[in-house]
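This report walks through selected features of the fold, beginning with a pair of helices and moving on to the sheets and to a few single elements.

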Amino acid sequence: MSELSAESLGLKSVAKVYHNLSYDELFDHELANKEGSVATSGSMMIDTGLFTGRSPKDKYFVEQSPSKENIAWGSINKPISSAHFEEIYADVIDYLSDKDLYVTDGFAGASAQTRKSVRFITEFAWQAHFVKNMFIRPDSDELAGFSPDFQVYNASNMVNEKWQEHGLNSEVFVIFNIEKNIAIIGGTWYGGEMKKGIFTMMNYWLPLQGILSMHCSANVGKAGDVALFFGLSGTGKTTLSTDAERELIGDDEHGWDDTGVFNFEGGCYAKTIDLSAESEPEIHGAIRRHALLENVVADEHGEVDYSDSSKTENTRVSYPIEHIDNHRASLQAGMPQNIIFLSCDAFGVLPPVSKLTKEQAMYYFLSGYTAKVAGTERGITEPVTAFSACFGEAFLPLHPTVYAKLLGEKMDKHGVNAYLVNTGWVGGGYGVGKRMSIKGTRACINAILDGSINESKFETIPFFQLHTPTTLAGVETSLLNPRNAWQDKSAYDSTATKLAGMFIENFKKYTDSGDGFDYTKAGPQV
């Protein structure tokens, strides 16, 4: 029980407030509340209801000064008026008042100079468990003096019945009020809204201070060499950065300042579909007591079938980063040496690995090409081609070129190498070819990190002007040039032409901004 007052929480009244419960206490509450059940691994299993992925069409920012001058308004960052926000906010406060609540405090950002103190107010113990896993856990001294910079009110069981009157997309809402340092969530149980909501705010705050915020995982080798893995959900950021030979800095969200790279989070959030101890031993081993499994299928004994996607393809597990034996305790490291862009190519056109020039790196970073993998977002049931600027446009409140400029400046200053890695299909598109194996992709990554890729001869593939190795240890030579992997070469040419055209059309929005960001010559040519 907590002595936090209703006033300190911004509520009218409170019943029982459970403040910063331990993992064991949360475990007991989850069972007592019948919120979940226990897997044979010892981890808790919960379901997130109708929403098994984010609901990006229901995200809004309050349109007000001074933040409205910074935000890149459009289909990603949609406005809501202050008046409509205040109505919904009042309803959230009414809804949460006089309820039993779980309050969890954490830090976003491992750098003490720029970290944010965030307080989460939730209805369910498992939601407190989720954010305890995902954010940096303050020690007892830090908790004693904790004062939130930002508060998240999660009224997941509440819906906005006036959504049409408010001009919103649905009765679901995820709304950020930057000036009040508040976010409100309603109508969705999906825990990822809290995680990505704070990431969105870090993507607002840090670039305005000249610090690059990134949707990437990061690890560091024994020699101190840092690698960044950019990619959208489902492209392999968590899997590929979790490496027994390298310390994990973090699996999803990072900043890059004048001292190096730092994690925003204190945990990992991995997809578990088809997970096995053989293919992903570190992640599989991280699923134990204190981990939280989402939407998995288990038998009456708690034995999980990770191949079962009947609830969703987007089955997940969150766990403290300490569950990875070789994690970086400080969650920080020096300057990156290698940047790897991960794309899940549903067309089967891109090569497994390509070395990029600085100009190509800027082009593919801004393009952010991938296929949205089934289940990651509401309504996605099979791979759909997508261009997501900076490999995370859904979480970028500022214009994409703000982040791209910062990346380019840092690449120039520190002499960073860049690569494009296709974790999608080879030998044909989705439904015809096969998906690149984790083992094969890992061989590409290892060659980048140990430098052996530079010992290979390179050739330039048509249409995309990408430089690919002709041989690489651990990868079938026939797959390295994607055209050679297709039985029907004319079909490859027509498909490559189609995809190249999509790249060209998408990139037009960056060529007329007048900010000197025309990298079209580094992209595909048809």
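## Helices, sheets and covered elements

In this predicted model, helix α4 (residues 125-134) and helix α6 (residues 192-205) have axes that come within 9 Å and cross at roughly 40 degrees. The two helices, α4 and α6, are therefore oblique to each other, and their crossing is right-handed. On the α4 side the contact is made by Gln-127, Phe-130, Val-131 and Met-134, while α6 contributes Gly-192, Met-194 and Lys-195. Sorted by class, the contact of α4 with α6 has four nonpolar, two polar and one charged residues.

Helix α4 also belongs to the surroundings of a sheet: α4 packs on it by touching β6, β7 and β8, and the direction of α4 makes about 10 degrees with that of β6. This sheet is open and has eight strands in the order β1-β6-β7-β8-β10-β9-β4-β5, with mixed pairing. At its edges stand β1 (17-19) and β5 (78-80), each with a single partner strand, so one side of each is left without a neighbour in the sheet. Neighbouring strands here are turned by 25 degrees against each other on average, direction ignored. Helix α3 (residues 82-96) lies across β4, β5, β6 (101-108), β7 (116-122), β8 (150-155), β9 and β10 (182-186), and runs at about 70 degrees to β8.

A second open sheet has five strands in the order β2-β3-β17-β18-β16, again with mixed pairing. Its edges are β2 (37-38) and β16 (267-271), each with a single partner strand, so one side of each is left without a neighbour in the sheet. Helix α2 (residues 23-32) packs on this sheet, where α2 touches β2, β3 (44-46), β17 and β18, and the direction of α2 makes about 45 degrees with that of β3.

| Strand pair | Sense | Bridges | Residues opposite each other |
|---|---|---|---|
| β4 (residues 59-62) and β9 (residues 173-177) | parallel | three bridges | Tyr-60 and Ile-175 |
| β17 (residues 292-294) and β18 (residues 316-320) | antiparallel | three bridges | Leu-292 and Ser-318 |
| β21 (residues 353-356) and β24 | antiparallel | four bridges | Ser-354 and Leu-420 |

The buried residues of α9 are Gln-360, Ala-361, Met-362, Tyr-363, Tyr-364, Phe-365, Leu-366 and Ser-367. Just after α9 comes Gly-368, which takes a positive phi of about 55 degrees.

Finally, Glu-455 is placed in the loop between α11 (438-449) and β27 (458-460). With a relative accessible area of 69%, Glu-455 is exposed, the cut-off for that class being over 50%. Along the sequence Glu-455 and Thr-471 are 16 residues apart, and in space they are 9.4 Å apart, C-alpha to C-alpha.

How values were computed. Residues numbered from 1 in each chain as written. Predicted model: local features only at pLDDT ≥ 70, side-chain atom pairs only at ≥ 80, totals over all residues. Heavy atoms only, no water. Axes fitted to C-alpha atoms, helices over the stretch in contact; angles between N-to-C directions. Parallel < 35°, antiparallel > 145°, perpendicular 65-115°, else oblique. Left-handed = near helix turned anticlockwise from the far one by under 90°. Contact = heavy atoms within 4.5 Å. Nonpolar A, V, L, I, M, F, W, Y, C, P; charged D, E, K, R; others polar. Pairing = 2+ DSSP bridges. Buried < 20%, exposed > 50% of the residue type's maximum accessible area, 1.4 Å probe, protein only.
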